[in-house]
Amino acid sequence: MNDSSPAPVLDVWCELQCSDCRDALDDVRALRARYGDRLELRLRHFPLEKHRHAFAAAQAAEEALEQGKGWEYVEAVLGRVEELDREGEPFLVEVAGELGLDAEEFDTALIDGRHILIVDADQAEGKAIGVTGTPTYVIGGERLDGGKSQEGLRERIEEIADRLLAGQG
């Protein structure tokens with residue numbers, strides 16, 4: 001059996017101040033549980049203007065990825081959207097500390113803006129492929145918009161993932 005073919009990629013366009021993205025976490029968890037390493041879930045950033053802390057949160061998520069706890073961090077922040085609304089950047093640093101990440105490094109990363117280019121590039125790519133809101137999923141060249149309704153989306157993602165995985169055999 002040839003394991004060298006890369007896992008199919010599911011891009012999850014997400015915004016950490018977005019309650020729809022919080023609601024999508026169950027789907028993301030279920031997909032991770034079902035596929036494990038066979039499906040690569042890639043966090044993509046699409047901070048919306050209307051959420052003033054979303055851009056900082058996207059940068060913080062990149063720092064968390066770099067420190068090895070990207071999704072854990074995303075889930076922790078999304079689970080407490082209201083606190084992010086209220087407290088902004090200090091909250092982002094606080095969550096990093098709670099997860100045992102280097103909070104000081106988070107603080108520095110937010111100040112020096114080292115992840116801004118990644119966030120900007122994601123946002124530009126998102127706009128280019130027609131992402132208008134979050135969560136939006138892209139897998140196998142198909143875009144699934146979860147911002148309007150997440151009804152049936154997970155099933156659709158699984159269908160496409162199963163087809164892509166079957167095609168690898």
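In this predicted model, the largest nonpolar core holds 43 residues, among which Leu-10, Tyr-73 and Leu-92 touch the most other members. A nonpolar core is here a set of buried Ala, Val, Leu, Ile, Met, Phe, Trp, Tyr and Cys residues joined through side-chain atoms within 4.5 Å, and buried means under 20% relative accessible area, with exposed meaning over 50% and partly exposed lying in between, for a 1.4 Å probe and protein chains only. Helix H1 gives this core its largest share, 6 residues. A second, separate core has 5 residues, including Phe-46, Leu-48, Val-131 and Val-138. In soluble globular proteins, nonpolar side chains tend to be buried together.

Residues are numbered from 1 along each chain as its sequence is written, and side-chain values use heavy atoms, with hydrogens and water left out. Because the model is predicted, local features need pLDDT of at least 70 and side-chain atom pairs count only at pLDDT 80 or more, whereas totals for chains, interfaces and linings use all residues.

Leu-92 belongs to helix H5 (residues 89-98), where Phe-91, Val-93, Val-95 and Ala-96 are buried along with Leu-92; helices here are DSSP runs of H or I with at least four residues, strands are runs of E with at least two, and both are numbered from the N terminus. The buried residues of H5 pack against helix H2 (54-66), H3, helix H4 (81-87) and helix H6 (103-112), and H5 is followed by Gly-100, which has a positive phi near 80°.

On a 1 Å grid over the protein atoms alone, a cavity is a set of points where a 1.4 Å probe fits but cannot get out, and lining residues have an atom within 4 Å of a point; the points are joined across faces, edges and corners, and the volume is the space filled by probe spheres set on them. Strand S1 (9-14), helix H1 (19-35) and helix H3 (70-78) each give two or more residues to this lining, with the largest share, 4 residues, coming from H1. The lining includes Cys-14, Cys-21, Val-28, Trp-71 and Pro-135.

Two cysteines of that lining raise the matter of disulfides, defined as pairs of cysteine sulfur atoms within 2.5 Å, of which the count is 0. The closest cysteine sulfur to that of Cys-14 is in Cys-21, at 3.8 Å, and is therefore too far for a bond. The sulfur of Cys-18 likewise has its closest cysteine sulfur in Cys-21, at 3.6 Å, again too far for a bond. Cys-14 is buried, with a relative accessible area of 6%, and Cys-18 is buried with a relative accessible area of 6%.

Finally, Glu-158 in helix H8 (residues 153-166) counts as buried because its relative accessibility is 14%. Leaving aside neighbours within four places in sequence, Glu-158 is in contact with Leu-31, Arg-34 and Tyr-35.

Key
1 Å grid on protein atoms, 1.4 Å probe; cavity = no way out; pocket = protein on both sides within 12 Å on 5 of 7 lines; lining within 4 Å. Contact = heavy atoms within 4.5 Å.
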